[in-house]
Structures are given as C-alpha cells and as structure tokens.
Amino acid sequence: MPTLRLAFPTDEHYPFQDDHARAVALKIVSDFDPHIRIAGSDGIDFYAVSAFDKNPDRIKKGGLQYEINCWMAGQREWRDAAPNARAFFLIGNHEDRLRRYLWRHPELFDLDVLRLPSLLRMAELDIVWEKEKGERANQELTLYNRLTVRHGEQVRKYPAYSAKAELESEMFAISLLTGHTHRGGSYYARTRTGLVQAHECFCLCDLNPEYVRNPNWQQGIVLAEVSPDHLAVEAIPFHHRLGKVTAYWRGKEYTE
C-alpha cells in the first residue's frame, strides 16, 4: 500500500487568521505536495454565532457571511498550494458553534442551507464531508489504522501535556495529530506493540486575541508520511524575526 503524505494546517480561525504565517505554511505545503490535506479543525471562527459576549468593533468588520467568505478564499489558496490533495473536513469546537447556535434556535435546525456542507459550499471547494457515515464522521480521520487526525479536546497547562492526554484517551493504541491548543508539542510512548506518538500541531491564527494577554501559542504546521508499517511526522515551528515569519524545513528557509 502506498505511503500517504498528509498536511495538517489547523486553527486558522478565519477571519482572525494570520496571513503572514499562512503564507509560509502555503509555501511549505506546496513543496511537500501532500495526498491529503485537512480542512476545518477550527478553520472558521464562527464568532458571529458564538454564545460569548461580542466586541462591537469586531462585528463592524463583518458578520457571518464575511467569516464564510474569508474561509472560502483561504480554502482556495490551500487548494492551489496542494492541487493533488484530497481535502477532508474535520469539525473543531469553533465549527461546532453553528450546531450549538441552531440547538438554541430549533426552529432553524432543519434548514438544509444551514448545514455546514451547504453553508461552507464544500462541494464547490472539493472538500470531503463524511457526516452521513455516522456520529463520529468528520470528527477524525484514520489512516492505515496507524495515525488518527482530529481537532482534539484535551487541554493541559504545558505544551505536549495535551498530546499526552490525547494518547491516554486512546489507551496508547494509535498515534495522533491534534489541533485545538494553539501550541506545538510532541509526546512519545513505547508500548508492547511498538512506538506511538502524539503531536499538538500549532496554529495559524492571530497570536494576540482580545480575550487573553500574551498566550503561550506557537504558529507552525505539521506534515506526516504514513504507510501500514511506517509513520514519520515533521513538526515545523514558525519564528518571528525582524517583523517577518520564517520557517526552516529540509534545509530550506521559508519566509512570507
């Protein structure tokens, strides 16, 4: 069976993405030429339908349609950078804000036009949506029963601790890539059946949100090569130097 190359850009949070970091990630992914790309995983913020108090200044910049338009434009850029990749949509807690909003307004819940695939026009963007396959579809993607990719739920105080918690939730049975924490971190464990690993996969959003001061977040992107008997993960952190975002991968410097 072939080795699959996977790219996992996560936590872009459109329209609060960091376009400088994204420019670097797009260049790396273009050179990597993945077979699989993850879409979603808190790709869109859904700020307009969140249950939290909202900053009027943010709302003035655009509502829900503006968020959707930003996300769609970003997906077209990812598609151009990785033309040979199938894009799989994974639901993050921010994408799930739409479901929670509709549950608070049940009179709207049965409108097909408000379902994520329709609202985000996934068919037009060639993004795979597998919700019809069952309750856990679009929550994770598993390759060769060796690697599972998900947005993640566990959050611990320090980088890599959340990765460890995700592995513990799986009883160390399979390796994992997760988003959600906006941090990079890797954890490894040797089991009776071999090495398993879990990676927190950074973020590509603005590092200075309004609701927390100086968060310990890191930008970057994670790439993986996986086959039935092989898994290689490359975690690529981004650096902010002299007002520019820079990354180093396989002997090459990438800048915005």
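Reader: Against which element do the buried residues of helix α4 pack?

Author: They pack against α5 (116-119), where contact means heavy atoms within 4.5 Å. Buried means under 20% relative accessible area, exposed over 50%, and partly exposed in between (1.4 Å probe, protein chains only). In α4 (residues 96-104), the buried residues are D96, R97, L98 and L102. Helices (H or I, at least four residues) and strands (E, at least two) are DSSP runs, numbered from the N terminus. Please note that this is a predicted model, in which local features need pLDDT of at least 70 and side-chain atom pairs count only at pLDDT 80 or more, while totals for chains, interfaces and linings use all residues. Residues are numbered from 1 along each chain as its sequence is written, and side-chain values use heavy atoms, with hydrogens and water left out.

Reader: At what angle do α1 and α3 pack, and how far apart are their axes?

Author: Two packed helices are described by the angle between their axes and the distance between the axes. Here α1 (residues 19-32) and α3 (residues 64-81) meet at about 30°, with axes 8 Å apart. The two helices are therefore roughly parallel, a term for angles under 35 degrees, as over 145 is roughly antiparallel, 65 to 115 roughly perpendicular and the rest oblique. Axes are lines fitted to C-alpha atoms, for helices over the stretch in contact, and angles run from 0 to 180 degrees between N-to-C directions.

Reader: Which residues make the contact of α1 with α3?

Author: From α1 come R22, A25, L26, V29 and S30, and from α3 come G74, E77, W78 and A81.

Reader: Which residues of α1 are buried, and what covers them?

Author: A21, R22, V24, A25, L26, I28, V29 and F32 of α1 are buried. Their cover includes β1 (4-8), α3, β10 (220-227), β11 (230-237), β13 (244-249) and β14 (252-255). After α1 comes D33, whose phi is positive, near 55°.

Reader: Which residues of α3 are buried?

Author: They are E67, I68, C70, W71, M72, G74, Q75, W78 and A81. What covers these residues of α3 includes α1, β2 (36-40), β3 (86-90), α5, β4 (127-128) and β10.

Reader: Is D45 buried or exposed?

Author: With a relative accessible area of 6%, D45 is buried. D45 lies in the loop between β2 and α2 (56-60). Its side chain and that of H13 are joined by a polar contact of 3.0 Å, that is, a pair of N or O atoms within 3.5 Å; within protein, one must be able to donate a hydrogen and the other to accept it, and residues adjacent in sequence count only if both atoms are side-chain atoms. Leaving out residues up to four places away in sequence, D45 touches H13, Y14, P15, F16, E67, H94 and R97.
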